[in-house]
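The following exercises are to be worked through with the sequence and the structure in view. Each task is followed by a solution in steps.

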Amino acid sequence: MTFEDFKLNRQLLDAVADLGFEMPTEIQQKGIPPILAGQDVLGIAQTGTGKTAAYLLPLLMKVKYAQGENPRALILAPTRELAIQIEESLRQLAKNTDLRHAVIYGGVGPKTQIETIRKGVDILIATPGRFMDIYLKGELVTKHLKTLVLDEADKMMDMGFMPQIRRMLEIIPTKRQNLLFSATFPEKVERFSGEFLEFPVRVEVTAQATPAQTVSQVLYEVPNLKTKAHLLEWLLQDREKFNRVIVFTRTRQSADNIFRFLSRKMSEDQIRVIHANKGQNTRINSMDAFKEGNVRVLVSTDVAARGIDVTMVSHVINFDVPLIYEDYVHRIGRTGRANQTGEAITFMTRAENIPVEKIEKLIRMPIPRLPVPEGVEVFPTPFEEEQDMAREVDLQKRRENPDFKGAFHEKKSPKAQQAVSGKTSGKKGTPKAAGKKGPPKRTGKKFKAS
Ligand code: AMP
């Protein structure tokens, strides 16, 4: 099958050829015909499958050329990164047309965005919050909207955008084509798609939440944070193999800690960090530097990483196991994109065993486990981190089974025990480095790099 088979116009076919797309991907083969035919479509496809072009190409056929002042198609995305990414694809695919588009998202002032809209827009890309803000300022006319696309609907729900989306549905014409794309299809998305879509055609490219088949996955069983940091450093030494790497963390703090640790180990211009506390411009600059291959390692939290579309990512490293299991699928979908192969490596402590089991259930496959490689120094687990992990495991078990009594008992730290037995070290209040003899530092959130 070729793109010519869809009977797209010449402008679009030329743009597709310029992008180097030789053959439609599976989601494009299945999704483009019903969307072109004007039907509502429910697309279950991860990022990396070519889903964006699957809805943009037919949308561009429908909107065709610049007309009037007001948007006729609206694409909603959960994050500004994804919105920007969609805009980039749109710009490339629409480059031979006269269509006008705008992208609006929060985190920056609305002034420039409003000015762009005032000039006249055919296709609007928006995050839900900013869309409502600008609408309420009276700067958006919605009555000409004929197509509504919800991209990454699962993430949209996880991020709590449903109330805003419901309000939006009240202010846009009911007679329209609806397209809903989601990487996963949990019950809440199913319920919403029942409300939102009319007699939809369902297109699904892989079984629910199956990671892209081009990604190989492994898990390293690592005893503690400090060993994780050193394993990361060790892996990244192979610059040839690990040539474009995203390191994921659950928290901003942890992303910053890893960034600082790695900056001391390798030249700082090889690495960037992005998370929600970084300014919009810093995030865009970091992402661009990574995309262009000027930066080898990008450290990111889950939210900041939504919408990252960088081809040829060699490795995704999960420094920790994500709290939202679906995020694992999103994370590893950053590698192995569009027929490239990639590797996803996850670091797991004993406190992350249960979450990993859940992920394996979700992706319906076991992930091969590996011990810490020889050559990586294994550090002893500091007392407090040990306690934190035991507490975490109990919590997870209790969540599964409220009757679970728990094996964890609050133990006194060696320091407290010493104090009780009267044997003090003589160095009161000066804890030594983690892993050494003596009272441990709190390392649950921060690791001390050596
Ligand atoms: P998406 O799933 O929309 O995020 O797309 C993932 C990547 O695949 C993007 O870099 C697209 O440019 C690329 N892509 C989309 N369609 C094709 C195609 N038919 N052939 C090759 N690459 C594609």
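A residue counts as buried when its relative accessible area is under 20%, as exposed when that area is over 50%, and as partly exposed in between. The model used throughout is a predicted one.

**Exercise 1.** Determine whether F319 is buried or exposed, and locate F319 in the chain.

*Solution.* Step 1: F319 lies in the loop between β12 (315–318) and α14 (325–332). Step 2: the relative accessibility of F319 is 2%, so this residue counts as buried. Step 3: L232 is 87 residues away from F319 along the chain, yet the C-alpha atoms of the two are separated by 8.0 Å.

**Exercise 2.** Describe the surroundings of D122.

*Solution.* Step 1: the loop between α5 (111–118) and β4 (123–126) contains D122. Step 2: D122 counts as buried because its relative accessibility is 0%. Step 3: when neighbours within four places in sequence are set aside, the residues in contact with D122 include V63, Y65, P71, D98 and L99. Step 4: R72 is also in contact with D122, and the side chains of D122 and R72 are joined by a polar contact of 2.8 Å.

**Exercise 3.** State where D388 is placed and which residue its side chain joins in a polar contact.

*Solution.* Step 1: D388 belongs to helix α16 (residues 383–400). Step 2: with 17% relative accessibility, D388 counts as buried, since the cut-off is under 20%. Step 3: a polar contact of 3.0 Å links the side chain of D388 to that of R391.

**Exercise 4.** Which residues of helix α2 are buried, and what covers them?

*Solution.* Step 1: within α2 (residues 26–36), the buried residues are I27, Q28, G31, I32, P34 and I35. Step 2: their cover includes β1 (41–44), α3 (51–63), β6 (177–182) and β7 (201–204). Step 3: after α2 comes G38, with a positive phi near 90°.

**Exercise 5.** Examine the phi angles of K64 and E152, and decide how each residue is placed.

*Solution.* Step 1: most residues other than glycine have a negative phi. Step 2: K64 is not a glycine, but its phi is positive, about 60°; E152, also not a glycine, has a positive phi of about 50°. Step 3: K64 is found in the loop between α3 and β2 (73–76), and E152 in the loop between β5 (147–150) and α7 (153–158). Step 4: K64 counts as partly exposed because its relative accessibility is 42%, whereas E152, at 2%, counts as buried.

**Exercise 6.** Summarise the chain and the confidence of its prediction.

*Solution.* Step 1: the chain has 17 helices and 14 strands, and 52% of its 450 residues are buried. Step 2: the average pLDDT is 85, and 85% of the residues score at least 70. Step 3: over residues 422–445 the pLDDT is below 50, although this stretch has 30 contacts in the model beyond near neighbours in sequence. Step 4: where pLDDT is low, the predicted coordinates should not be read in detail.

Conventions
Residues are numbered from 1 along each chain as its sequence is written. This is a predicted model: local features need pLDDT of at least 70, side-chain atom pairs count only at pLDDT 80 or more; totals for chains, interfaces and linings use all residues. Side-chain values use heavy atoms; hydrogens and water are left out. Helices (H or I, at least four residues) and strands (E, at least two) are DSSP runs, numbered from the N terminus. Buried means under 20% relative accessible area, exposed over 50%, partly exposed in between (1.4 Å probe, protein chains only). A polar contact is a pair of N or O atoms within 3.5 Å; within protein, one must be able to donate a hydrogen and the other to accept it, and residues adjacent in sequence count only if both atoms are side-chain atoms. Contact means heavy atoms within 4.5 Å. pLDDT is the predictor's confidence in each residue, from 0 to 100.
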